[in-house]
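Here is a short report for a reader meeting this structure for the first time. Look at the model below, then follow the text from one part to the next.

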Amino acid sequence: MGRQYFGTDGVRGTVGQEPLTVDFALRLASAAARVLAPQGGTVLIGKDTRLSGYMFEAALEAGFIAAGLDVLLIGPLPTPGIAFMARHFNCRFGVVISASHNPYYDNGIKFFDADGGKLTDEAEECIEAELANGATTVESGRLGRAVRVDKTRKAYQDFCCATFPAGKSLKGMKIVIDCAHGAGYKVAPRILTDLGAEIVPIGCSPTGRNINEGCGSTSPELLQLTVPGVKAQVGIALDGDGDRLVMVDHLGRKVDGDQLLYVIALAKHAAGTLRGPVVGTLMTNFGLERALRDKGIGFERAAVGDRYVLAKLRETGGVLGGETSGHLLTLDQTTTGDAMIAALQVLGVMCDTGKSLAELTAGLQLLPQVMINVRVKERFDPYSRDSVRKVVDAVNAELDGRGRVVLRASGTEPLIRVMVEAEESAAARSLAQRIADAVQAGV
């Protein structure tokens with residue numbers, strides 16, 4: 001059937017423009033209820049701090065109640081927290097109203113199944129097919145009810161704390177926590193405080209319009225200044241919905257998802273708890289792959305998107321994977337990407353070893369990575385052009401296993417993305433430009 005509205009992470013767009021309208025949200029709720037809970041039951045709705053969240057929360061609530069489902073409203077909570085709480089309440093499914101790291105004028109709607117996992121492509125296709133039938137209302141005696149359960153958030157806080165190494169605490173550690181004025185602004189500082197840390201919060205004053213604005217994992221510059229400025233040991237940055245993590249070491253240097261995977265992978269490998277390969281994506285730095293293999297740790301790549309990392313982990317029996325952007329999956333701890341749980345794994349390694357984050361990442365040498373976006377009239381498979389393929393083959397021969405080429409069409413824009421990694425940044429840029437020129441000439 002294919003999907004018209006669902007992307008790699010739910011339905012997303014600009015508020016007020018199709019499909020992010022109240023009418024669509026109402027129909028989506030009704031369609032999801034018919035597909036995911038045809039016999040009734042309970043659904044949990046959570047959101048981030050965007051002003052439009054109130055509007056979509058009300059529309060979804062109405063659609064679910066009209067379809068005969070009971071609704072639990074938990075308010076702002078990180079996406080992984082909603083996945084956990086949906087399981088906690090034995091819900092048929094959970095719904096998150098968020099556009100993650102996007103600006104406030106965007107929003108999105110995504111779903112978790114009863115086990116706290118993302119929906120399959122097939123389930124999303126079935127929901128889309130049901131949209132054509134509009135919103136339905138059951139007879140009055142079967143209508144659902146709505147209850148606010150905001151105070152139950154502590155169950156998620158306690159769950160996160162329980163993933164920290166037993167018998168350890170963060171006492172004596174000063175941590176700057178940047179919540180991007182987003183969904184984690186209440187629970188994330190409390191988790192760290194519960195574990196004994198001294199915290200310096202930033203990005204914890206949402207207005208409904210400032211989510212991700214100059215802060216959070218996509219804009220960590222303020223965190224990079226604050227950590228050494230207040231003499232903290234480490235900084236943690238979440239994105240707007242709390243599933244993406246970037247950290248900052250005591251020197252103010254950004255530590256990305258690849259580096260964090262390295263730290264967690266080595267610790268799990270040493271403890272004998274690392275099952276299966278570590279899974280990255282096509283964009284994961286080749287330096288991480290090389291460093292893990294030097295340590296005897298398997299590594300595999302999935303398509304870009306944390307849902308594809310999750311699928312590869314399930315296929316290979318792995319427990320650890322993620323993206324450079326900071327979507328990290330620790331399946332031995334939880335069912336979906338969770339920034340706070342990933343951060344606690346890193347903090348646990350720091351406590352166990354007595355080493356700083358700078359020391360823990362020192363053994364990983366990331367290769368210079370150059371990305372060039374070539375704009376085209378319409379997307380096409382760049383490998384379908386003989387002239388492009390020949391240049392790529394020549395570049396790979398020059399790299400001789402000491403670098404990597406990724407050439408792919410953007411999934412959302414008329415762009416061909418050319419990425420080259422090499423041991424020297426000048427070489428990476430020169431080689432990437434050669435391929436970009438070949439793509440441009442082949443358009």
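Asn373 has Arg417 in strand E18 as its bridge partner. The model is a predicted one. Strand E18 covers residues 415-421. Seven bridges join E18 to E16, and the two strands run antiparallel.

These strands belong to an open sheet of three strands. The order is E16-E18-E17, and the pairing is antiparallel. Strand E16 (369-375) and strand E17 (404-409) are the edge strands. Each of them pairs on one side only. On average, neighbouring strands of this sheet are turned by 15° against each other, direction ignored. Strands of a sheet pair through backbone hydrogen bonds, either parallel or antiparallel.

A helix accompanies the sheet. Helix H13 (residues 386-399) lies across E17 and E18. The helix runs at about 155° to E17.

Is Arg404 buried or exposed? Arg404 is found in strand E17. Its relative accessible area is 11%, so Arg404 is buried, the cut-off being under 20%. The side chain of Arg404 makes polar contacts with backbone oxygens. It reaches the backbone oxygen of Leu282 at 2.6 Å. A polar atom of the Arg404 side chain also lies 2.7 Å from the backbone oxygen of Thr284. Leaving aside residues up to four places away in sequence, Arg404 touches Leu282, Met283, Thr284, Phe286, Arg301, Leu399, Met419, Val420 and Glu421.

Arg385 lies in the loop between E16 and H13. With a relative accessible area of 28%, Arg385 is partly exposed. Arg385 touches Phe380 and Gly442, again not counting residues up to four places away in sequence. Its C-alpha atom is separated by 8.3 Å from that of Val439, 54 residues apart along the chain.

Which ring does the charged end of Arg385 sit over? The ring is that of Phe380. The charged end of Lys47 sits over a ring too, that of Tyr54. The table gives both distances.

| Charged residue | Ring | Distance from ring centre |
|---|---|---|
| Lys47 | Tyr54 | 3.8 Å |
| Arg385 | Phe380 | 4.1 Å |

## Aromatic pairs

How many aromatic pairs does a search of the whole structure find? The search finds seven. One of them joins Tyr5 and Phe24. Their ring centres are 4.9 Å apart and their planes stand at 55°, so the pair is tilted. Tyr5 lies in the segment before strand E1 (11-14), and Phe24 in helix H1 (residues 22-36). The pair therefore ties together parts that are 19 residues apart in sequence. Tyr5 is partly exposed, with a relative accessible area of 26%. Phe24 is buried, with a relative accessible area of 1%.

Phe6 and Phe111 form another pair. Their ring centres are 6.2 Å apart and their planes are at 50°, so this pair is tilted. It links distant parts of the chain, 105 residues apart. Phe6 lies in the segment before E1, and Phe111 in strand E5 (residues 106-113). Both residues are buried. Ring pairs link Phe6, Phe64, Phe93 and Phe111 into a cluster.

Helix H3 (residues 79-88) is mostly covered. Eight of its ten residues are buried. They are Thr79, Pro80, Gly81, Ile82, Ala83, Phe84, Met85 and Ala86. What do the buried residues of H3 pack against? They pack against strand E2 (41-47), strand E3 (69-76), strand E4 (93-97), E5 and helix H5 (154-162). E5 is also the strand that holds Phe111. After H3 comes Asn90, whose phi is positive, near 55°.

Helix H10 (residues 306-316) has buried residues as well. They are Asp306, Arg307, Val309, Leu310, Lys312 and Leu313. H10 is followed by Gly317. The phi of Gly317 is positive, near 80°.

Terms used
Residues are numbered from 1 along each chain as its sequence is written. This is a predicted model: local features need pLDDT of at least 70, side-chain atom pairs count only at pLDDT 80 or more; totals for chains, interfaces and linings use all residues. Side-chain values use heavy atoms; hydrogens and water are left out. Rings of Phe, Tyr and Trp (its six-membered ring) pair if their centres lie within 6.5 Å; planes under 30 degrees apart count as stacked, over 60 as edge-to-face and the rest as tilted. Helices (H or I, at least four residues) and strands (E, at least two) are DSSP runs, numbered from the N terminus. Buried means under 20% relative accessible area, exposed over 50%, partly exposed in between (1.4 Å probe, protein chains only). A charge sits over a ring if NZ of Lys or CZ of Arg is within 6 Å of the ring centre and within 35 degrees of the ring normal. Two strands pair if DSSP finds at least two bridges between them. Axes are lines fitted to C-alpha atoms, for helices over the stretch in contact, and angles run from 0 to 180 degrees between N-to-C directions. Contact means heavy atoms within 4.5 Å. A polar contact is a pair of N or O atoms within 3.5 Å; within protein, one must be able to donate a hydrogen and the other to accept it, and residues adjacent in sequence count only if both atoms are side-chain atoms.
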